[in-house]
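Subject: A structure for you to explore

Hi there,

Here is the structure I promised to pass on to you. Please open it alongside this email and look up each residue as you read.

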Amino acid sequence: MELTHINDCYTLNNGVRIPCVAFGTYKAADGKSAEIIRTAIQAGYRSFDTASFYGTEPYLAQAVRESGVPRSDFFYTSKVWKAEMGYHQTLEAFRRTLDNLETDYLDLYLIHWPLPAPDCRDWQALDLETWRAMEELYAAGKVRAIGVSNFLPHHIENLLEHGSVPPAVDQLEFHPGHTQEAAVRYCQAHGIRVQAWSPIGRSRVLEDPLILELAAKYRVSPARICLRYAVEKGVIPLPKSSSLPRMKENQDLFSFSLSAGDLHRLDTMPPVGWSGEHPDRERVYLN
């Protein structure tokens, strides 16, 4: 399908339509205010990614309320955190999320991480308990779609084998230099839409010689090269920014396309910009 605007939609495996770009709210309210999210709404974003762990749910609710735009025009994604996993804990966490967001339903609810800690030995059972609660929320119409975040193929296999509802989305760290090809290919083969957190990586990605070369070639910012790369891969990027001009710039992803040769070059970039996060390992703190 041809995408022309950030609020154009893909169709998930359960028929729900999801915008092709969403605004990421992680650290978007460090000033303890709704200002950045309010600016994102002004810029035109209608799909927002939040999580109980981020602490931004109340600020998203405030920004939407003050915008005057109907809740039904927005697509809300939130997540159940590592410490909230388990059947009863997930149901309680979901209730808190609805209260924080001042809504009676979510568009998408995700399990934030497959393991609460790398040494968790019974993670399969814990994931299934959590997933059972998510399936009940979905069946009750309180969530329009359910999915996962930071799940790799072996984590997803557990849900597909023992659950009743397949995940609609898997949110992964994805950007040039860290494309998680095996996980993305697995999700796409199983009808699971991938979303990209940290879609522009870090300064090491934006300063990479190839990214700078392509930015000059296409006369766009390095960030737009990264975001367009995600779009061309059928991945939903979750950019975040604090200024209106940068928000607007990050939306202009459809006025150019990357050549097949340049996509191959981005596909095969040396590893760069990884956050150090891996669901099965202790975090690696990089310089």
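Below I go through a pair of packed helices and then some aromatic rings.

First, some background: this is a predicted model, in which local features need pLDDT of at least 70 and side-chain atom pairs count only at pLDDT 80 or more, while totals for chains, interfaces and linings use all residues. Residues are numbered from 1 along each chain as its sequence is written, and side-chain values use heavy atoms, with hydrogens and water left out.

Let's start with the helices. Helices (H or I, at least four residues) and strands (E, at least two) are DSSP runs, numbered from the N terminus. Helix α3 (residues 87-101) packs against helix α4 (residues 123-139) at an angle of about 45°, and their axes are 7 Å apart. Axes here are lines fitted to C-alpha atoms, for helices over the stretch in contact, with angles from 0 to 180 degrees between N-to-C directions. That makes α3 oblique to α4; angles under 35 degrees count as roughly parallel, over 145 as roughly antiparallel, 65 to 115 as roughly perpendicular and the rest as oblique.

Which residues of α3 meet α4? They are Tyr 87, Thr 90, Leu 91 and Phe 94, where contact means heavy atoms within 4.5 Å. Their partners in α4 include Glu 129, Arg 132 and Leu 137.

Now for the rings. Rings of Phe, Tyr and Trp (its six-membered ring) pair if their centres lie within 6.5 Å; planes under 30 degrees apart count as stacked, over 60 as edge-to-face and the rest as tilted. By this rule there are nine aromatic pairs. In one of them, the ring centres of Phe 48 and Phe 74 are 6.1 Å apart with planes at 45°, so the pair is tilted. Phe 48 sits in strand β4 (residues 47-49) and Phe 74 in the loop between α2 (57-67) and β5 (75-80), 26 residues apart.

Enjoy exploring!
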